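I opened the model and kept notes as I went. The entries follow the order in which I looked things up.

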Amino acid sequence: MENKLIFAKEIIKEAGAFIKESLSKTITVEEKTAFDDLVTNIDKQTQDLLVARIKSSFPSDNIFAEENGLVHNIKDGNVWVLDPIDGTVNFIVQQDNFCVMIAYYEEGQGKFGLIYNVMADQLFYGGGQFDVYCNDKLLPAYKSRPLDRCLVASNGAMYAKNFHGLKDLIDKTLGVRVYGGAGLSMSKVLSGQILAYFSVIYP
C-alpha cells in the first residue's frame, strides 16, 4: 500500500506541473450542465495524464474520474478516484485556488487520499493506515474548540439560502469562508484552520 501512496504523490505532482505549464497556453472552456459548471481542455488533458500513468503502472486497477464519463463502481476491485482540477471556475478566472485530487479504494474501502493545492505547492496526503501530512509536516490531531471560536467553510449558495439551517449554525461561529472548491476547503479542515466544510458533492 505504501508503494501506491508514493506513486500517487509522484503523479499528482506531475499533474500539477502539467497544469502550471498549461497556464501559458490557450485554455478552451465548455459548459457542462450550467453556465457556471465548466470544464476546460486542461481538465481533460490532466485527467488523461493521470489515467495513462495509473494504467501503465497498475493495468488491472480501475478508474472513476470526473471527466469523459469515466465511471466505475467504487465497491468493485481497486479503484482510483480522480478530480483533475477541483475548482475549475477559480482556475479559469483566477488561475489560482484550485487543486488536483486523488483517492484510492479497494473493495469500497478508502485506503488514502491526496489533495494538491497546485499554485501554493501544498500536498496533503494520508488517511486509512497512514498519518496525514502537508508536504513533509505531520498534521496535528483535531483539538476541540468552542463553536464561537471557530470558522466554518461552506458552499456559498447553501449558506445564503440557509439550507437545512446551515446559516443558523454558522451564525454561531466566528464566520463563514467560501473557497470555491472542495479540495481547498478540506485542506483547511485538515490543517485546523476551519472547523468544518459544508457542501453537496456529486461524484
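**Entry 1**

I began at T88, which touches L38, V39, T40 and D43 once residues up to four places away in sequence are set aside; contact here means heavy atoms within 4.5 Å. T88 sits in helix α3 (residues 88-94). I take helices as DSSP runs of H or I with at least four residues and strands as runs of E with at least two, numbered from the N terminus. T88 is buried, at a relative accessible area of 10%. The classes I use are buried for under 20% relative accessible area, exposed for over 50% and partly exposed in between, with a 1.4 Å probe and protein chains only.

Before going on I noted the basis: the model is predicted, local features need pLDDT of at least 70, side-chain atom pairs count only at pLDDT 80 or more, and totals for chains, interfaces and linings use all residues. Residues are numbered from 1 along each chain as its sequence is written, and side-chain values use heavy atoms, with hydrogens and water left out.

Next I looked up N41, which lies in helix α2 (residues 41-57). N41 is buried, with a relative accessible area of 16%. Its contacts, not counting residues up to four places away in sequence, are T26, I27 and T28.

**Entry 1: the whole chain**

I counted elements and found six helices and twelve strands in the protein. How does the radius of gyration of the protein compare with that of a compact globule? The protein has 17 Å, and a compact globule of 203 residues would have a value near 17 Å, so the two agree. The radius is taken over C-alpha atoms, and the globule rule is 2.2 Å times the number of residues to the power 0.38. Along the principal axes, the C-alpha atoms fill a box of roughly 50 × 40 × 30 Å.

I then checked burial and found that 39% of the 203 residues count as buried. The protein exposes about 10,900 Å², and carbon and sulfur atoms supply 51% of that area. The accessible areas come from the Shrake-Rupley method with a 1.4 Å probe; for residues, only the protein chains shown count as cover. Among contacts with a separation of 6 or more, 51% are between residues 24 or more positions apart.

**Entry 2: helix α6 and N117**

Which residues of helix α6 (residues 182-190) are buried? I listed A182, G183, L184, S185 and S187. The cover over these buried residues includes strands β4 (78-86), β5 (99-106), β6 (109-117), β7 (122-127), β10 (151-154) and β12 (197-198). Just after α6, G192 takes a positive phi of about 85°.

Leaving aside neighbours within four places in sequence, N117 is in contact with F98, C99, Q122 and L184. N117 is buried, with a relative accessible area of 7%. I also noted that N117 and G16 are 101 residues apart in sequence and 8.3 Å apart in space, C-alpha to C-alpha.

**Entry 3: the second largest pocket**

The second largest pocket holds about 200 Å³ of space. A pocket, on a 1 Å grid over the protein atoms alone, is an open set of points where a 1.4 Å probe fits, with protein on both sides within 12 Å along at least five of seven lines; lining residues have an atom within 4 Å of a point. Grid points are joined across faces, edges and corners, and the volume is the space filled by probe spheres set on the points.

I read the lining as P140, A141, Y142, K143, R145, V189, L190, S191, G192, I194 and L195. These divide into seven nonpolar, two polar and two charged. Ala, Val, Leu, Ile, Met, Phe, Trp, Tyr, Cys and Pro count as nonpolar, Asp, Glu, Lys and Arg as charged, and the others, Gly among them, as polar.

L169 is in helix α5 (residues 166-170) and is partly exposed at 35% relative accessibility. L169 touches L147 and F198, not counting residues up to four places away in sequence.

H164, in the loop between α4 (156-160) and α5, has a positive phi near 50°. H164 is exposed, at 76% relative accessibility. D121, in the loop between β6 and β7, has a positive phi of about 55° although it is not a glycine. D121 is partly exposed, with a relative accessible area of 36%.
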